[in-house]
Amino acid sequence: MKNFNFDTATRILFGKGKTDEIIPEIIRSGSRVLLAYGGGSIKKTGLYNQVVNLLNNDRIYFVELNGIQPNPRMKSVREGVRLCRENKLDFILAVGGGSVLDCAKAIAAGVFYDGDAWDFMIKKASVEEALPIGTILTLAATGSEMNGNAVISNEETSEKRAMSSALLRPVFSVLDPELTFSVNRWHTAAGVTDIMSHIFELYFTPDTGTLVQDALSESLLRICIECGPVAVEEPENYVARANLLWAGTLALNGLLGAGKSAGDWATHAIEHELSAIYDLTHGAGLAIVFPAWMEYVLNPENSWRFAKLARNVWGIEVTDDMAAARQGIDAAREFFSSIGMPVSLKEVNIDDSQLTEMGKKACVFGPVGLMKELTAEDVTAILRKAL
Ligand code: NZQ
Ligand code: ZN
């Protein structure tokens, strides 16, 4: 295990009715609020009215930024920066899924930056200062509620890129499982796939001796496999929703990666190209790419790690590591398919016309991946396997 510092800046307010506690949390960090949300789900569920009433009752000044799309665009980021500057806002309250939270983070950093906030995404600028953010999460998936990452799409260049800074970690996040009851089957399954993929990315590293991290990862994966199908079939099952919500947060809040190399992250880099060009749901892209990536990088030297996952998560009892690993990959593909995710590009009507382009774009900052460093040609080959 490597040396590490572990730091959790975000206060988590977990459970039924916890939205009622946001006002003291906001007042601790700001007084003029940007209320950021998506395409309307919070209006349908009544959460919007609840939040607005809470803000009005305490006479907290707020300005709204609505219509943030899945795979959030720079247009919303630029609009949010403008609203914050013009209205001298000092706090962002993001209410929604990962896309709303990520957009809020890019705005929070963009307010203090003279250039265009896209510069953060292309590593032309780094975050020096950011507005404080609070979140009310409505979808279990990204872990954005307790990390400093944001992923933004540039509609003009068909690129999707990530930024990361400890300054972007929310100061508080409300995690009320009941707020996720209204998530439909598709986005529930995509969220489960995303959570599992974050755990895979952090599990598949060349590190040895990381028994705690491995055991935590395997447990969280088993919870996703148990609760995912339940949440898809019974959207108002509190136990399933609560455990998925907490699993999603723990999967990408730094816990599983502490003491290890940074994680593989090749699959995410590849998936972001799919979402960028085809506006595919992130989790659906991961369900297609992850099994193909696993098959591509598996070899006799690294098979012990794939086999460990196969045995401890999928219950495969085969002694040969390569055979166990292959069965584990099949099990992952079958699971994603069973919860309604696509497992081939064909299923989402993506053909081979852009595979070379996506390979090049995924490696624009150099090779991706840790288990195997992947070049643009490797990425194209993985996408071809996924056809
Ligand atoms: O826009 P609204 O109307 O709110 O509808 C959303 C959206 O259509 C809907 N939704 C959310 N909560 C709901 C709900 N519908 C009914 N009831 C609710 N309670 O779900 C749809 C998808 O929302 P979105 O926010 O896009 O989903 P998710 O949370 O999966 O976020 C995906 C984005 O996060 C990025 C992805 O790339 C993608 O852009 N990621 C962010 C990460 C991070 N910040 O750490 C890491 C991830 O790997 C990921 O890349
Ligand atoms: Zn993800």
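Modeller: Happy to! Let's begin at the end of helix α12: the residue that follows is G315, and its phi is positive, near 70°. Please keep in mind that this is a predicted model. The helix itself covers residues 303-314, 12 residues in total. From its first C-alpha to its last it reaches 15 Å, close to the 16 Å expected at 1.5 Å a residue.

Now for its buried side. In α12, the buried residues are S303, R305, F306, A307, L309, A310, V313 and W314. The cover over them includes α7, α8 (211-233), α11 (282-297) and α13 (321-338).

One of those buried residues, F306, is also among the contacts of W293, which touches F204, D264, A266, T267, M371, L374 and I382 as well, leaving aside residues up to four places away in sequence. In the largest nonpolar core, which has 110 residues, W293 and I107 touch the most other members. That core draws at least three residues from each of domain 1 (11-179) and domain 2 (185-385). Another core, of 23 residues, lies apart from it and includes I42, V52, L55 and F91.

Finally, the metal. D194 (OD), H198 (NE2), H268 (NE2) and H282 (NE2) coordinate the zinc ion (ligand 2) at 2.0 to 2.2 Å. Because H198 lies in helix α7 (residues 185-203) and H268 in helix α10 (residues 266-278), this pair ties together parts that are 70 residues apart in sequence. H198 and H268 are both buried.

Key
Residues are numbered from 1 along each chain as its sequence is written. Chains are lettered from A and ligands numbered from 1 in the order in which they are written. This is a predicted model: local features need pLDDT of at least 70, side-chain atom pairs count only at pLDDT 80 or more; totals for chains, interfaces and linings use all residues. Side-chain values use heavy atoms; hydrogens and water are left out. Donors are N, O and S atoms within 2.8 Å of the metal (3.2 Å for Na, K and Ca); water is not among the atoms, so sites may look incomplete. Helices (H or I, at least four residues) and strands (E, at least two) are DSSP runs, numbered from the N terminus. Buried means under 20% relative accessible area, exposed over 50%, partly exposed in between (1.4 Å probe, protein chains only). A nonpolar core is a set of buried Ala, Val, Leu, Ile, Met, Phe, Trp, Tyr and Cys residues joined through side-chain atoms within 4.5 Å. Domain bounds come from an automatic or database domain assignment. Contact means heavy atoms within 4.5 Å. The expected span of a helix is 1.5 Å times one less than its number of residues.
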